[in-house]
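Please look over this protein with me. I would like to learn how to read it piece by piece.

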Amino acid sequence: MTVRLDHPKSKMSRVAKWCFYFLFALVLSIGIMPNNILAATTPNVSYRTHVQNVGWQDFVSNGEMSGTSGLGLRLEGIEVKLDAPVTDLGITYQTHIQNIGWEADTARGWKNNGEMSGTSGQSLRLEGIQIKLTGADAEQYDVYYQVHIQNYGWMDWAKNGESSGSQGFSYRLEGIHIVVQPKGSAAPGKTDTPFIEATKPSFEAEVIALVNKERASRNLGLVTSDPTLTQAAQIRAEEIIQLFSHTRPNQSSCFTVLTELGINYKGAGENIAAGYSSPEAVMTGWMNSEGHRANILNPGFNKLGVGYAQTGSGYGHYWTQMFISN
């Protein structure tokens with residue numbers, strides 16, 4: 001009996017040991033796998049900014065602030081990358097740059113995975129940013145970003161390619177937070193107002209309508225808008241914030257902006273103004289000035305671009321009319 005009883009115990013002991021080893025291995029695998037999975041499916045986003053008078057800062061990540069606070073220093077460039085990408089996930093971004101506009105509207109295009117967006121050595125401020133994820137796994141995540149802008153402070157969070165910052169106010173970006181989260185996770189904060197834009201299109205249309213009203217009353221041909229000419233006028237509106245003159249900040253003629261944008265013309269004229277808060281007010285000011293009125297009523301001009309920029313200091317409102325004949 002003893003022998004028969006010892007044999008089952010010995011067998012059961014071996015079984016127990018194997019079960020113990022199996023469970024121990026299972027516990028190890030359970031303890032290890034979630035970390036492996038987590039590392040593969042939680043991409044870390046890192047970013048750094050080029051700051052006025054400072055240069056490139058060190059990389060920060062996952063919602064930390066890059067830039068400065070309370071120093072009034074503009075961001076001039078940014079690099080964004082994913083440190084722990086999943087199988088097929090990338091990040092792409094573009095900025096709205098002073099005197100240039102959105103990069104995607106130019107030959108510069110979107111930047112990807114650590115490339116620099118912005119400029120170097122040109123002292124041009126970033127005014128807005130758009131960031132989005134790319135690749136087959138992009139639908140599994142949201143990228144959120146929040147910027148601090150001049151005269152306004154921290155904007156609400158934007159996500160997945162939305163615009164963040166401002167356009168038409170000439171406000172600089174001063175700081176930024178970026179974070180990547182699993183799709184459907186709660187936003188890091190409010191998302192109501194990530195971006196503000198001056199009503200330049202309506203201002204442009206109103207000014208052109210007022211110009212044509214004056215011209216029609218004198219039986220002169222009407223002027224029409226042109227997108228590239230409007231871009232030139234907008235560049236000049238932002239430049240006269242720095243230097244209120246028909247000479248550009250780089251000391252060249254105001255008309256060099258036309259050549260830079262590839263605009264062909266036979267004749268050209270520029271009107272500038274500051275301090276007027278509405279199209280009606282600025283048109284009254286121009287019409288009461290002989291030289292400005294002469295441009296508005298010049299029968300040879302047939303195209304008109306209008307630029308408008310707003311700031312929280314100086315004269316507050318800056319206007320440019322750029323006329324051409326072609």
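Here are questions and answers on confidence, strands and rings. This is a predicted model, in which local features need pLDDT of at least 70, side-chain atom pairs count only at pLDDT 80 or more, and totals for chains, interfaces and linings use all residues. Residues are numbered from 1 along each chain as its sequence is written, and side-chain values use heavy atoms, with hydrogens and water left out.

Q: In which helix is confidence lowest?
A: Confidence is given as pLDDT, the predictor's score for each residue from 0 to 100. The protein averages 86, and 85% of the residues score at least 70. Strand E4 (residues 66-67) has the highest value, at 98. The lowest mean is 43, in helix H1 (residues 2-41).

Q: How many strands does the protein have?
A: Helices (H or I, at least four residues) and strands (E, at least two) are DSSP runs, numbered from the N terminus. The protein has six helices. Its strands number 20.

Q: Is Gln150 buried or exposed?
A: Buried means under 20% relative accessible area, exposed over 50%, and partly exposed in between, with a 1.4 Å probe and protein chains only. Gln150 lies in the loop between strand E11 (141-149) and strand E12 (153-154). Beyond four places in sequence, Gln150 is in contact with Ser170, Tyr171, Arg172 and Glu174. Its relative accessibility is 15%, so Gln150 counts as buried.

Q: Which residue in E10 is the bridge partner of Tyr93?
A: Two strands pair if DSSP finds at least two bridges between them. Strand E6 (residues 90-97) and E10 run antiparallel, joined by eight bridges. Seven of the nine residues of strand E10 (residues 126-134) are buried. In E10, the partner of Tyr93 is Ile131.

Q: Which residue in E14 is the bridge partner of Gly128?
A: E10 is also joined to strand E14 (residues 164-167). They run antiparallel, with two bridges. In E14, the partner of Gly128 is Gly165.

Q: Which strands stand at the edges of the open sheet of four strands?
A: The order in this sheet is E17-E19-E20-E18, with mixed pairing. An edge strand has a single partner, so one side is left without a neighbour in the sheet. The edges are strand E17 (224-225) and strand E18 (267-274).

Q: Why is the pair of Phe301 and Phe323 stacked?
A: Rings of Phe, Tyr and Trp (its six-membered ring) pair if their centres lie within 6.5 Å; planes under 30 degrees apart count as stacked, over 60 as edge-to-face and the rest as tilted. The search of the whole structure finds five aromatic pairs. For Phe301 and Phe323, the centres are 5.5 Å apart and the planes are at 20 degrees, so the pair is stacked.

Q: Over which ring does the charged end of Lys81 sit?
A: A charge sits over a ring if NZ of Lys or CZ of Arg is within 6 Å of the ring centre and within 35 degrees of the ring normal. The charged end of Lys81 is 4.3 Å from the ring centre of Phe59.

Notes
Contact = heavy atoms within 4.5 Å.
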